[in-house]
Amino acid sequence: MTEREQALIAQADDEVAKHEENIKNDPYRLTYHLMSPVGLINDPNGWIQWNGMYHMFYQWNPFKAGHGAKFWGHYTSTDLVNWKHEPIALAPSEWYEKNGCYSGSAVDLDGKLTLFYTGNVKDEQGNRESYQCIAQSEDGITFDKQGPVIDGLPEGYTAHFRDPKVWKHNGMWYLVIGAQTEDLKGHALLYRSGDGREWTNLGPVAGAGIPPLQSFGYMWECPDMFSLGDKDVMIVSPQGLDPEGMHYHNTYQAGYFVGELDYETPKFHHGAFDELDRGFEFYAPQTTEDEKGRRILVGWMGVPDQQEDQHPTVDNGWIHCLTIPRELRLQGDRLIQVPVEELKDMRAGEVEHTAANLQAGSQMLEDVSGDVAELELTDFSDLPSFFEVELRGTARLIYDREGKVLTLERKNFADRLTEKRQCHLEELRSIRIFMDTSSLEIFVNGGEEVFTLRYFPSPQARDITFTSSEKAVVTVKKWGLKG
């Protein structure tokens, strides 16, 4: 570790200590979600299970609740429930990363936990350079930086060239990376390597202007390529999509394509893009395959440039969190997201109302309230024309049976005006909600649709209210959750 890196880590540790008490007392501090100890957390990075241990790295600016020269923070877990905060993995100390250790991924290379990441460099005029770098660890905690393995830009592309995701296929290493053409089109490029260090650019495999896509964003961030069953999936976060009906209403989007990656051409033959999440805060997700063979996704519960400075936690020196881990399954060409099974170990104090009779109007159910809880609604009978769940007076989930539309409303944390996100839903079969002090993750119909959001109710608000336009019957379960 260089003296510069040691100094940056010491400065970050000082920031943690300076703000620790204030942050700990913030009523919106979450209980079971991963957060940075101070400052801003954004993209999940290096998500991997290595030698039996889950490692979650994350983009981190410890010096303010805003963006800047990013570090890599680090958590570990044996069970996806209990997490240990580890020492800083990467600090932007070297010439090739001096303005930030940007996003990337992790693999086992030569028996070592190996991080691939983008080194961001800017000159005094703000001109950008990008370097794809490597760092390795024998113990999974302390990392030896080995510098750039890709230190130039592909011809015809700008320096918006970042977020390498690495995997192995048929004995060769592959890397997919987000890029921007000189005429401002977002692409995903594919590289190949025999040893993980010498890389050959195979060219773009998907992107704006590459059939079947036409105009589709000016930058593609955080691409992730993997197989599920006999199909290939690309997850990506395109920037520059305009709203279309109920779609694309966040500043930037996160979604996926399903198809087949031709490694030789190369070309990703894919279908239509679909959003992964219908809520307000979800971006830059990353997946890994664990030792059980599950494909597990974690996303950033935030969106860049989307009222970030208005979050009420900024005044206390921190902002954002990561989502709970979600297992991905493929149903036809549709990704289903299911909270990992291990999260059931957080449950405590079950309350159940089997076949509860709901009258027309609004009502509460005995002992169904709280601010940190899991809520499950199943066995709908005679579903009314309108059915609504209101959470702590700040968010509402509303199903219009006749219009076949599911709407999520919340009070905007900046102006307190009501805003909404929606999706088409043929039928409502189940709702599963993970509530934390200032977040909601809502899984509809077993994860066919998901809404993720931050919200900031009064810390004393705990009511959960059910509203029905007519009489209805539903089974409701509620658990407290141990952080």
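Analyst: Four strands form an open sheet in the order S9-S10-S11-S12, with antiparallel pairing. Strands here are DSSP runs of E with at least two residues, numbered from the N terminus, and two strands pair if DSSP finds at least two bridges between them. At the edges lie strand S9 (157–169) and strand S12 (200–207), each of which pairs on one side only. From one strand to the next the twist averages 25°, with axes taken as lines fitted to C-alpha atoms and angles running from 0 to 180 degrees between N-to-C directions.

This is a predicted model: local features need pLDDT of at least 70, side-chain atom pairs count only at pLDDT 80 or more, and totals for chains, interfaces and linings use all residues. Residues are numbered from 1 along each chain as its sequence is written, and side-chain values use heavy atoms, with hydrogens and water left out.

Eight bridges join S9 to S10 in the antiparallel sense. Tyr157 stands opposite Thr181 in S10.

Gln180 also belongs to strand S10 (residues 172–181). Gln180 counts as buried because its relative accessibility is 7%; buried means under 20% relative accessible area, exposed over 50%, and partly exposed in between (1.4 Å probe, protein chains only). Leaving aside residues up to four places away in sequence, Gln180 touches Tyr157, Thr158, His160, Lys185, Tyr218 and Met219, where contact means heavy atoms within 4.5 Å.
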